[in-house]
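Below is what I looked up, entry by entry.

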Amino acid sequence: MLSYRHSFHAGNHADVVKHIVQSLILNSLKNKDKPFVYHDTHSGVGRYDLTHEWSEKTGEYKQGIARVWAQSERPAAIQSYLDAITSLNNGEGLRYYPGSPRVARAHLRPQDRMLLTELHPSDYPLLQQEFHRDRQVSIFKEDGFQRLKASLPPQERRGLVLIDPPYELAKEYRDVVQAIAQSYKRWATGIYAIWYPVVNRCDIEDMIEGLEGLGIRKILQIELGVSPDTNERGMTASGMIVINPPWTLERDMNDILPFLKEAIAPVTGHWKVDWIVPE
């Protein structure tokens with residue numbers, strides 16, 4: 001299935017959490033001069049116009065990045081994430097929102113590179129156009145998990161893999177576990193960040209159980225909820241599961257998530273930072 005279009009959801013609370021975690025990890029990789037690779041399995045189009053009718057139809061960004069943007073005081077740790085948004089808008093308000101490839105590109109140095117995969121026939125050419133003639137960016141119209149398997153281990157030996165499928169099908173949760181199992185065998189020192197939506201809590205619990213069964217150490221769970229879990233249709237929370245997280249990530253997210261809860265869902269929100277599997 002290729003019906004999912006992220007343009008309807010860009011800049012929502014899930015994007016805010018995902019891209020803050022992504023930025024923190026990339027910042028940690030920049031602490032060393034050695035090059036790193038950023039690998040994105042489900043890239044989307046790169047940037048999203050929040051004035052487009054699709055964004056306005058759902059208005060999800062108004063309960064996400066717009067609420068963070070309106071805060072006069074923000075944690076210093078999210079500044080590079082905010083800088084990526086400011087740069088995309090040329091410092092002129094909030095019209096465009098960066099997808100994960102644009103967030104990553106804002107953090108790359110000349111010695112780093114990124115690898116993007118996008119299979120959707122409408123999104124792929126837009127992604128190509130977004131990074132036209134950018135020599136640090138390689139783009140593939142392939143299944144994200146197949147390209148990941150073929151690309152590991154990277155020559156840099158350092159880097160981040162962002163895995164964020166749309167989860168249109170229940171099997172995609174199992175696909176994530178299988179992808180980690182294969183990838184970790186090829187590149188055990190890489191950082192893997194898995195985004196997940198909480199629509200059915202059982203799916204997340206099953207995925208976590210599958211990851212626990214792989215025998216991998218150092219798996220951190222980060223989650224922000226905007227409402228209590230429910231049996232009704234709709235995303236109530238989202239999070240990131242990070243394998244081999246930087247040592248600063250747990251501390252930073254313990255500081256950032258209370259801010260996000262108060263900015264986005266002060267009454268019904270919740271958050272957590274827990275080790276699924278400690279070191």
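**Ground rules.** I take helices (H or I, at least four residues) and strands (E, at least two) as DSSP runs, numbered from the N terminus. I'm working on a predicted model, where local features need pLDDT of at least 70, side-chain atom pairs count only at pLDDT 80 or more, and totals for chains, interfaces and linings use all residues. Residues are numbered from 1 along each chain as its sequence is written, and side-chain values use heavy atoms, with hydrogens and water left out.

**Entry 1: Ser-238.** I started with Ser-238, which sits in strand β9. Is Ser-238 buried or exposed? I use buried for under 20% relative accessible area, exposed for over 50% and partly exposed for in between (1.4 Å probe, protein chains only). Ser-238 has 0% relative accessibility, so it counts as buried. Next I listed its contacts (heavy atoms within 4.5 Å). Leaving aside neighbours within four places in sequence, Ser-238 touches residues including His-13, Ala-14, Trp-195, Tyr-196 and Glu-223.

**Entry 2: the sheet.** β9 belongs to an open sheet of eight strands, and I wrote down the order as β5-β4-β1-β6-β7-β9-β8-β10, with mixed pairing. Two strands pair if DSSP finds at least two bridges between them. Which strands stand at the edges? They are β5 (137-140) and β10 (270-277); each has a single partner strand, so one side of each has no neighbour in the sheet. On average, neighbouring strands are turned by 15 degrees against each other, direction ignored. For angles, axes are lines fitted to C-alpha atoms, for helices over the stretch in contact, and the values run from 0 to 180 degrees between N-to-C directions.

I then zoomed in on β1 (residues 37-40) and β6 (residues 159-163), which pair in the parallel sense over four bridges. His-39 stands opposite Val-161 in β6. Helix α10 (residues 249-264) packs on the sheet and touches β8 (219-225), β9 (237-243) and β10; its direction makes about 155 degrees with that of β10.

**Entry 3: α7 and α8.** I looked up how helix α7 (residues 144-151) lies against helix α8 (residues 171-186): their axes come within 9 Å and cross at roughly 10 degrees. That makes α7 roughly parallel to α8. (Under 35 degrees counts as roughly parallel, over 145 as roughly antiparallel, 65 to 115 as roughly perpendicular and the rest as oblique.) Phe-145, Leu-148 and Lys-149 in α7 meet residues of α8, among them Asp-175, Val-176 and Ala-179.

Also in α8 is Gln-178. Gln-178 counts as partly exposed, because its relative accessibility is 46%. Its C-alpha atom is 9.4 Å from that of Leu-214, 36 residues apart along the chain.

**Entry 4: helix α1.** How many residues of α1 are buried? I found 16 of the 17, so the helix is largely enclosed by the rest of the structure.

Entry 5: I noted a cis peptide bond from Leu-152 to Pro-153, with omega near 0 degrees. Pro-153 is in the loop between α7 and β6. Tyr-167 has phi near 55 degrees, a positive value in a residue other than glycine. Tyr-167 lies in the loop between β6 and α8 and counts as buried, at 9% relative accessibility. Lys-218 has a positive phi too, near 60 degrees. I found Lys-218 in the loop between α9 (201-212) and β8, and at 24% relative accessibility it counts as partly exposed.
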